[in-house]
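Subject: Handover of a structure and its findings

Dear colleague,

Please find the structure below, together with its sequence.

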Amino acid sequence: MSKRSLLLLPGDGIGPEVMRQVRRVIDWYTRKRGIEFAIEEGLVGGCSYDAHGTPLTDETMARALAVDAVLLAAVGGPKWDNLGFDKRPEAGLLRLRKEMELFANLRPAKVFDALVDASTLKPDVVRGLDIMIVRELTGGVYFGTPRGITDLPNGERRGVNTQVYDTHEIHRVARVAFELARKRGNKVCSSEKGNVMESGLLWRQEVIALHKAEYQDVELSHMLADAAAMQLVRNPKQFDVIVTDNLFGDILSDEASMLTGSIGMLPSASLGATDANGKRKALYEPVHGSAPDIAGRDLANPIAMFLSFAMALRWSFDLQAEADILENAVENVLNTGLRTGDIMQPGMAKVSTSVMADSILREMDKVAAA
Ligand code: NAD
C-alpha cells in the first residue's frame, strides 16, 4: 500500500503547539499500528506573510492540491490585523478552500459525558448529543453576484448580495450528507427558507429529487432554517445530519458547536469533489482560532486538533477503527478528570497541552490493546 500523504500547516499562535502534539499522534499510528504517512509541512497565515510576503505561496497551494489530506491548525493574530485584505492570514485559508473547491463543510457537535456540565443548556438536553452539520461552503449569498454597495440618485446607498444555487451545487453537498447519514444515524434534515426564498424552494425540491433517485433508504425531513435554529437549542438530539446552505450553515453550525460548550474541543472537515480515483480533496482543522492570548504557554487544548486528525483518518483514509482508537482515548482521558484550562471544572485536574497529549497517547496504547 502506498503511503498516505499529509500536508501539515501549523499556522500561527497556538497552531504550532497543537500541531506538534498531533504529530506525535501521527507517529504513534506509524510506530504502533504500522500505518505510514508521507508528511510535509508548510506555512500558512501570518508566518507565511512574514517569510514570503504572502499568506500562502503558490508552492504550498500546489502541495495542498497534490496530497491526500491537509491538516491545518489556525491562522491569525494581532501582529497582522492591519494588513490589506489580500495579505491577511485568513486570505491564505480562503485561498485553500477556494482552490481545493471544498464545497462541503462538516462540523460535528458531540457532547462528551464528562463535559455535559460545560454546556449552557440543561444536562438532559445535551447528554449523548452527537449531530453533524453539513454546510455548503463555496456558493450561495457569500459568493453570488451582483453584489456590492452603490450610491443611489436620491443620496441613499444600497447594499446588494445575491443568494444563488444551481442544481449541481445542491446535489453534491446533499450527497455528502446522505452518505454521511448512512454511516451514522441514517437521518438527514435539510434546512432552508423555501417559504420566502426561491433559492430555498429549489434547494428543497432538488434534495427531494436526489433522495428519491438515490437515497430512499435514508430518512429525510425538512425544516425551515429559523425553526431549525430554535429546535437546535430546544431538542437538539432529534437531529442526526443537518444539511444546509452557506449562510444558514454558518449560523446553525456555530449555534450547534456551542451546545458542547467548549471551542477547544471542536474539529471540522471540508471536503471537495471525488476524482476519477475515488479520492476527495480534503482539509481538516479545529474550529478554534489561533488564541493569541494563550499562545506559546503550553496552555492550549490539543483535543480539537486531535479530533480533526481523527476525521482525516475516517474521511480521507477510511481507517474507521483507527479513528475510534483516538476518539475513545480522548473520551477516556476526559473521564479520568484531566482538563486543560478552557474546559476546567471544579474538582478536576488542570493540565498543560503536553500533559494532556501525553495522557491521550498513553490511553491510545490501552485502547488499542483492549
Ligand atoms: P480564538 O478561537 O482564537 O479564541 C477565542 C477564545 O478561545 C480565546 O480566549 C482563546 O484563548 C480560547 N481558545 C481557542 N482555542 C483554544 C484551545 N485550543 N485551547 C484553549 N483555549 C482556546 O478566536 P479569536 O480570539 O476570535 O481570534 C484569534 C485569532 O484567530 C484572530 O486573528 C482570528 O482572526 C483568528 N481565527 C482564525 C481561525 C482559523 O484559523 N480557522 C478561526 C477563528 C479565528
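The notes below go through the pocket, the ligand, the cavities, a hairpin and some backbone details.

The model is predicted, so local features need pLDDT of at least 70 and side-chain atom pairs count only at pLDDT 80 or more, while totals for chains, interfaces and linings use all residues. Residues are numbered from 1 along each chain as its sequence is written, and side-chain values use heavy atoms, with hydrogens and water left out.

The pocket

Rolling a probe the size of a water molecule over the atoms shows where empty space is left. On a 1 Å grid over the protein atoms alone, a pocket is an open set of points with protein on both sides within 12 Å along at least five of seven lines, whereas a cavity is a set of points where a 1.4 Å probe fits but cannot get out; lining residues have an atom within 4 Å of a point. Grid points are joined across faces, edges and corners, and a volume is the space filled by probe spheres set on the points.

The volume of the largest pocket is about 910 Å³. Its lining has 38 residues, of which Glu-90, Leu-93, Leu-94, Arg-97 and Glu-285 are the closest to the centre. Helices (H or I, at least four residues) and strands (E, at least two) are DSSP runs, numbered from the N terminus. Helix H4 (89-99) is one of the elements that supply at least two lining residues each, and H4 gives the largest share, seven residues. The lining of the largest pocket divides into 14 nonpolar, 10 polar and 14 charged residues. In this count Ala, Val, Leu, Ile, Met, Phe, Trp, Tyr, Cys and Pro are nonpolar, Asp, Glu, Lys and Arg are charged, and the others, Gly among them, are polar.

The ligand

Which residues come nearest to the ligand? They are Glu-90, Gly-289, Ala-291, Asp-293 and Asn-301, out of 20 residues around the ligand (a residue counts if one of its heavy atoms lies within 4 Å). A polar side-chain atom of Glu-90 is 2.6 Å from an oxygen atom of the ligand. A polar backbone atom of Gly-289 lies 2.7 Å from a ligand oxygen atom, and an N or O atom in the side chain of Asp-293 lies 2.8 Å from a ligand oxygen atom. On its own the ligand has 800 Å² of accessible area, and the protein covers 68% of that (Shrake-Rupley method, 1.4 Å probe). The shell around the ligand has nine nonpolar, seven polar and four charged residues.

The cavities

How many cavities of 30 Å³ or more does a search of the whole structure find? There are two. The largest cavity holds about 40 Å³ of space, and its lining includes Tyr-165, Trp-203 and Phe-248. Helix H7 (residues 198-214) provides the largest share of that lining, three residues. The second largest cavity holds about 30 Å³; among the residues that line it are Lys-110, Phe-112 and Met-265.

The hairpin and the backbone

Strand E6 (residues 148-151) and strand E7 (residues 157-160) pair in the antiparallel sense over four bridges (two strands pair if DSSP finds at least two bridges between them). Ile-149 has Gly-159 in E7 as its bridge partner, and Asp-151 stands opposite Arg-157 in E7. E6 and E7 form a hairpin with five residues between them, and Gly-155 in the turn has a positive phi of about 90°.

Most residues other than glycine have a negative phi, and most peptide bonds are trans. Glu-101, in the loop between H4 and E4, has a positive phi near 50°. A cis peptide bond with omega of about 0° joins Thr-145 and Pro-146, and Pro-146 lies in the loop between strand E5 (130-136) and E6.

With kind regards

Notes
A polar contact is a pair of N or O atoms within 3.5 Å; within protein, one must be able to donate a hydrogen and the other to accept it, and residues adjacent in sequence count only if both atoms are side-chain atoms.
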